[in-house]
Amino acid sequence: MRRKRLDRMQCSIARALDVVGDPWTLLLVRDALLGVTRFEAFQARLQIPRATLTARLEHLVAAGILERRSYQDHPPREEYVPTAKGRGLRPVIVTLMQWGDEFAREDPPPTVLEDAATGLPIEPVLVDRVSGAPLTALRVRAVGPVVPRRG
């Protein structure tokens, strides 16, 4: 069954979900951000059906989230590397992981984040760029659409 496309909706969340809303897609992005780049490695890590993996990788390349690069000529082999657009999903993946740790499991989280240079654990938070205040502490409302003033 084909799902309804969301790319024509005005909502930015709907448009983003049209690109990355499939669970396999976000798991592939997660693994690519962790350094997994080869088809066989994705398949082995995720135990995803090969046809599904092929379709999702093609989708991510077409969406500009992953880039296909040749790493071997004979036989021809390619890997899938995150683009700037793909790397831009890192905060989404981290935030989704944090939400899952808190609300989707009762056992200890299987993964912790640490500073690569120091090895110390980190706890990322979303903050307002101007004030530095954590997003959860801000009084926020969504306003829109922004209409240019005439005149």
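1. Let's start where H2 meets H3: Trp24, Leu27, Leu28, Arg30, Asp31 and Ala32 of H2 touch Phe42, Arg45 and Leu46 of H3, contact meaning heavy atoms within 4.5 Å. Sorted by class, that contact holds six nonpolar, no polar and three charged residues; Ala, Val, Leu, Ile, Met, Phe, Trp, Tyr, Cys and Pro count as nonpolar, Asp, Glu, Lys and Arg as charged, and the others, Gly among them, as polar. The two axes come within 11 Å and cross at roughly 115 degrees, where axes are lines fitted to C-alpha atoms, for helices over the stretch in contact, and angles run from 0 to 180 degrees between N-to-C directions. This crossing is right-handed, a label used if the near helix is turned clockwise from the far one by less than a right angle, with anticlockwise giving left-handed.

2. A word on what you are looking at: this is a predicted model, in which local features need pLDDT of at least 70 and side-chain atom pairs count only at pLDDT 80 or more, while totals for chains, interfaces and linings use all residues. Residues are numbered from 1 along each chain as its sequence is written, and side-chain values use heavy atoms, leaving out hydrogens and water.

3. On confidence, the protein chain has a mean pLDDT of 89, with 93% of its residues at 70 or more; pLDDT is the predictor's confidence in each residue, from 0 to 100. Helix H1 (residues 12-20) has the lowest mean, 88, and helix H5 (residues 84-87) the highest, 98.

4. Next, H3 (residues 39-46) and H4 (residues 50-62): their axes come within 11 Å and cross at roughly 125 degrees. The pair is therefore oblique, given that angles under 35 degrees count as roughly parallel, over 145 as roughly antiparallel, 65 to 115 as roughly perpendicular and the rest as oblique. Phe39, Glu40, Phe42 and Gln43 of H3 make the contact with Arg50, Leu53, Thr54 and Leu57 of H4.

5. H2 (residues 23-33) also packs with H6 (residues 90-103), at about 110 degrees and with axes 10 Å apart, so H2 is roughly perpendicular to H6. Leu26, Val29, Arg30 and Leu33 of H2 and Arg90, Ile93 and Leu96 of H6 form this contact.

6. Finally, the overall picture: the protein chain has six helices and two strands, taken as DSSP runs numbered from the N terminus (helices H or I, at least four residues; strands E, at least two). The radius of gyration is 19 Å, well over the 15 Å that the globule rule gives for 151 residues, so the chain is more spread out than a compact globule. That radius is taken over C-alpha atoms, and the rule is 2.2 Å times the number of residues to the power 0.38.
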